[in-house]
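Please read the model below with its strands and its aromatic rings in mind.

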Amino acid sequence: MMHSRHQPPVRGLALVLVGALASACSSAGAPGSSAAAPGSSGPRPSTAGLPAACPGSAPAHAAAGSVATVTIETPKGTIVMKLEADLAPAAVGNFLALARCGYYDGVVFHRLVPGFVIQGGDGQFGKASGLDESRVGRGGPGYTIDDDPVKVPYARGVVAMARTPQPHSEGSQFFIVLADEARPALESANTYAIMGHVTSGMDVVDAIAAMPNSGDPNNSALDPVPMTKVSVNTP
């Protein structure tokens with residue numbers, strides 16, 4: 001059984017994580033999505049809380065060989081991630097563009113699957129200041145990006161994009177893998193583009209994962225932790 005929301009498979013099930021892969025909402029994507037069709041251009045209007053400075057269509061791929069450090073500040077502590085263009089140029093270029101324009105600031109981790117992943121990045125329905133509990137996990141930036149092949153194994157600390165079962169359906173939602181044991185379920189689809197890994201703050205990731213959730217199948221966060229600030233540094 002496949003969910004229509006963007007998400008990675010749950011453990012041994014062939015499921016796309018509800019929300020975990022919701023990083024990209026296409027025009028034909030998750031139910032309730034108001035994302036614009038791919039190919040829209042220019043800066044997006046400041047609707048639904050989306051920053052007007054953010055891209056209105058898929059950003060340029062990250063330059064070959066480039067590396068960026070992304071710092072996510074949360075009330076639970078700070079998570080630092082290393083993103084590598086050579087792993088997923090489309091996904092990394094998109095994530096960095098959204099982080100730089102402030103898209104992720106104030107967005108919650110809306111899905112918590114202990115021992116598997118935490119997922120966030122729905123800037124459309126997942127802002128802490130106006131959280132839409134009925135639709136969080138279905139939103140995105142208003143466009144989708146090209147799929148990147150998976151080049152390295154899923155493992156604890158890996159940062160990857162969420163998606164629906166449809167090709168080229170990634171947008172803004174992403175997830176962080178909590179355990180090496182998640183690998184078989186994620187590899188059963190092997191379509192969640194890996195952008196990099198957490199270099200510090202996995203204790204913070206674990207603390208977020210331990211927060212209350214609704215249980216299977218959606219594992220919705222009951223007291224969602226926001227990303228108060230997401231910043232990018234490049235060498």
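Predicted model: local features only at pLDDT ≥ 70, side-chain atom pairs only at ≥ 80, totals over all residues.

Residues are numbered from 1 along each chain as its sequence is written, and side-chain values use heavy atoms, with hydrogens and water left out.

Strand S5 covers residues 158-161, where helices (H or I, at least four residues) and strands (E, at least two) are DSSP runs numbered from the N terminus. Val158 and Ala160 on one side of S5, and Val159 and Met161 on the other, are all buried, that is, under 20% relative accessible area with a 1.4 Å probe and protein chains only. S5 pairs in the antiparallel sense with strand S7 (residues 194-200) over three bridges, pairing being counted if DSSP finds at least two bridges between two strands; here Val158 stands opposite His197. S5 also pairs in the antiparallel sense over three bridges with strand S6 (residues 174-177), where Met161 stands opposite Phe174.

Rings of Phe, Tyr and Trp (its six-membered ring) pair if their centres lie within 6.5 Å, planes under 30 degrees apart counting as stacked, over 60 as edge-to-face and the rest as tilted. Tyr104 is likewise buried, with a relative accessible area of 0%. The ring centres of Tyr104 and Phe174 are 5.7 Å apart and the planes stand at 85°, so this pair is edge-to-face. Because Tyr104 lies in the loop between helix H1 (89-100) and strand S3 (107-113) and Phe174 in strand S6, the pair ties together parts that are 70 residues apart in sequence.

Note on methods:
Buried < 20%, exposed > 50% of the residue type's maximum accessible area, 1.4 Å probe, protein only.
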